[in-house]
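Welcome! Please take a look at the structure below before reading on.

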Amino acid sequence: MKSSQRAKVIVIPCSGIGKPLGSVSREAVYELIENARRQVTDTICLALLIRGDKEALQVVQNNKCITIDGCPMQCAKKNLEHVSGNLVASYRAVDVLKKHRNLKPKSVTFLDQDGKKLAVALAAEVATKVDEILGR
Amino acid sequence: MNSSERKVGIVSCSGEGCVEGTVSRVATRLVLEKYRPSNTVTICLPLFLAGGTEERAFATEHSTITVDGCEKLCAKIGTERHSGKVTSALVVTRLTGKTHQTPCSGRRWSDKDLNLSEKVAKQIAKEVDKILNSGGN
């Protein structure tokens with residue numbers, strides 16, 4: 001993240017690589033930062049926090065952060081808490097799936113149509129929280 | 001244990017911050033699904049911290065290849081810090097010689113990106129074969 005973008009809300013997905021909902025969480029973040037709230041959100045590699053990158057740690061400690069996890073292990077949330085990140089909200093793709101039982105995402109590498117629809121629905125929920133955080 | 005039963009671990013950085021992170025992720029999935037499905041397993045990198053002892057034992061139980069998008073080497077450093085020494089470490093930018101340093105999902109994926117992922121996947125598969133042929137677990 002560039003210094004000129006410090007006012008943005010940082011949205012971090014788990015990016016789980018083994019199940020479709022990890023890909024959904026990742027896609028939801030891209031939907032937010034590239035489309036739904038592109039001016040006011042940004043992301044950062046979760047892996048940088050695991051690595052202990054100092055610049056990344058400063059970003060998550062000095063900015064409001066939202067995590068989006070695919071599964072109940074909540075890796076994004078737990079890793080952010082582990083590094084004392086400024087966590088203001090956390091979401092789980094599995095919870096949004098329960099509200100959209102007609103959607104059954106199956107693919108991991110490239111999301112199928114149901115996965116993409118679920119990602120958009122998840123991003124819409126998070127976008128509402130971003131607006132709340134920013135007082136919009 | 002014969003070669004079809006051996007499992008090599010592959011850990012991808014999955015970096016959200018640059019397109020090469022997406023390439024490393026897709027390449028890893030291609031190896032798991034297409035190139036060496038019988039001989040490879042993966043684990044989510046963040047699970048080393050969020051999970052338990054079983055997850056942290058991954059790199060000690062499997063010969064492990066890390067796939068990083070950039071020179072930050074998050075997958076390699078994270079795996080070695082929390083799980084165990086890796087057998088091989090690949091970096092996408094070393095294969096391409098350049099970096100985009102911008103986030104990119106699979107939504108705007110071009111044939112060029114997919115070709116690069118295939119190239120990285122084949123490189124990973126070669127490393128898998130080297131490990132299996134050397135008798136690694």
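This report walks through a helix pair, a chain contact and a sheet.

## About the model

This is a predicted model, in which local features need pLDDT of at least 70, side-chain atom pairs count only at pLDDT 80 or more, and totals for chains, interfaces and linings use all residues. Residues are numbered from 1 along each chain as its sequence is written, while chains are lettered from A and ligands numbered from 1 in the order in which they are written.

## Two helices in chain B

In chain B, helix 1 (residues 19–35) packs against helix 7 (residues 111–133) at an angle of about 60 degrees, and their axes are 8 Å apart. Helices here are DSSP runs of H or I with at least four residues, and strands are runs of E with at least two, numbered from the N terminus. Axes are lines fitted to C-alpha atoms, for helices over the stretch in contact, with angles from 0 to 180 degrees between N-to-C directions.

## Where the chains meet

Chain B brings 30 residues to the contact and chain A brings 31 residues (in contact: C-beta atoms, placed from the backbone, within 7 Å). Helix 1 of chain B gives the most to the side of chain B that touches chain A, with six residues.

## The sheet in chain A

Chain A has an open sheet of four strands in the order 2-1-3-4, with parallel pairing (at least two DSSP bridges between two strands). Its edge strands are strand 2 (41–42) and strand 4 (87–92) of chain A, each pairing on one side only.

Five bridges link strand 3 (residues 65–69) of chain A to strand 4 of chain A. A:I66 has A:A89 in strand 4 of chain A as its bridge partner.

Technical notes
Two residues are in contact if their C-beta atoms, placed from the backbone, lie within 7 Å.
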